[in-house]
Amino acid sequence: MTLYKELSRKIKFDILRGDYPPGSRLPSLRVLAEREKCNQATVKRAMQVLGQEHLVFRDTRQGFL
């Protein structure tokens, strides 16, 4: 499994577990990249996957919600 898919599954689990309630802001791409020890492009791709699944929404001013 590719890294971005693995990361998207991990974040999806965190969302479904309730770590990020509906409407709350997720950590920034930089913070997630540091936490997961990967680059920001990988995190961005994982967020795009979650966006396609309608689990996150990107707000240009606030980041991913």
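Which residues is K12 in contact with, leaving aside its neighbours within four places in sequence? They are L50, E53 and L55, where contact means heavy atoms within 4.5 Å.

The structure is a predicted model, in which local features need pLDDT of at least 70 and side-chain atom pairs count only at pLDDT 80 or more, while totals for chains, interfaces and linings use all residues. Residues are numbered from 1 along each chain as its sequence is written, and side-chain values use heavy atoms, with hydrogens and water left out.

K12 lies in helix 1, helices being DSSP runs of H or I with at least four residues, numbered from the N terminus. At 32% relative accessibility K12 counts as partly exposed, a class that falls between buried (under 20% relative accessible area) and exposed (over 50%), computed with a 1.4 Å probe on protein chains only. K12 and V49 are 37 residues apart in sequence, and their C-alpha atoms are 9.9 Å apart in space.

L3 is also found in helix 1 and is partly exposed, its relative accessible area being 49%. Not counting residues up to four places away in sequence, L3 touches C38 and T42. From L3 to D59 there are 56 residues in sequence and 24 Å in space, taken from C-alpha to C-alpha.

**Salt bridges**

A salt bridge is taken here as a side-chain nitrogen of Lys or Arg within 4 Å of a carboxyl oxygen of Asp or Glu, and by this rule the count comes to 5 salt bridges.

| Pair | Closest N and O atoms |
|---|---|
| R17 and D14 | 2.8 Å |
| R17 and D19 | 2.3 Å |
| E34 and R30 | 3.2 Å |

R17 and D14 both lie in helix 1 (residues 3-17), where they are 3 residues apart, about one turn of the helix. D19, the partner of R17 in another salt bridge, is partly exposed at 39% relative accessible area.

The pair E34 and R30 sits in helix 2 (residues 29-36), where the two residues are separated by about one helical turn because they are 4 residues apart. E34 counts as exposed at 52% relative accessibility, while R30 is partly exposed with a relative accessible area of 45%. As for shared partners, salt bridges join D14, R17 and D19 into one network.

**Helix 2 against helix 3**

The axes of helix 2 and helix 3 (residues 40-52) come within 8 Å and cross at roughly 110°; such axes are lines fitted to C-alpha atoms, for helices over the stretch in contact, with angles running from 0 to 180 degrees between N-to-C directions. Helix 2 is therefore roughly perpendicular to helix 3, a term that covers angles of 65 to 115 degrees. Helix 2 passes helix 3 in a right-handed crossing, meaning that the near helix is turned clockwise from the far one by less than a right angle.

On the side of helix 2 the contact is made by L29, R30, L32 and A33, and on the side of helix 3 by Q40, V43, K44 and M47. These residues of the contact divide into 5 nonpolar, 1 polar and 2 charged, where Ala, Val, Leu, Ile, Met, Phe, Trp, Tyr, Cys and Pro count as nonpolar, Asp, Glu, Lys and Arg as charged, and the others, Gly among them, as polar.

How values were computed
Angles under 35 degrees count as roughly parallel, over 145 as roughly antiparallel, 65 to 115 as roughly perpendicular and the rest as oblique.
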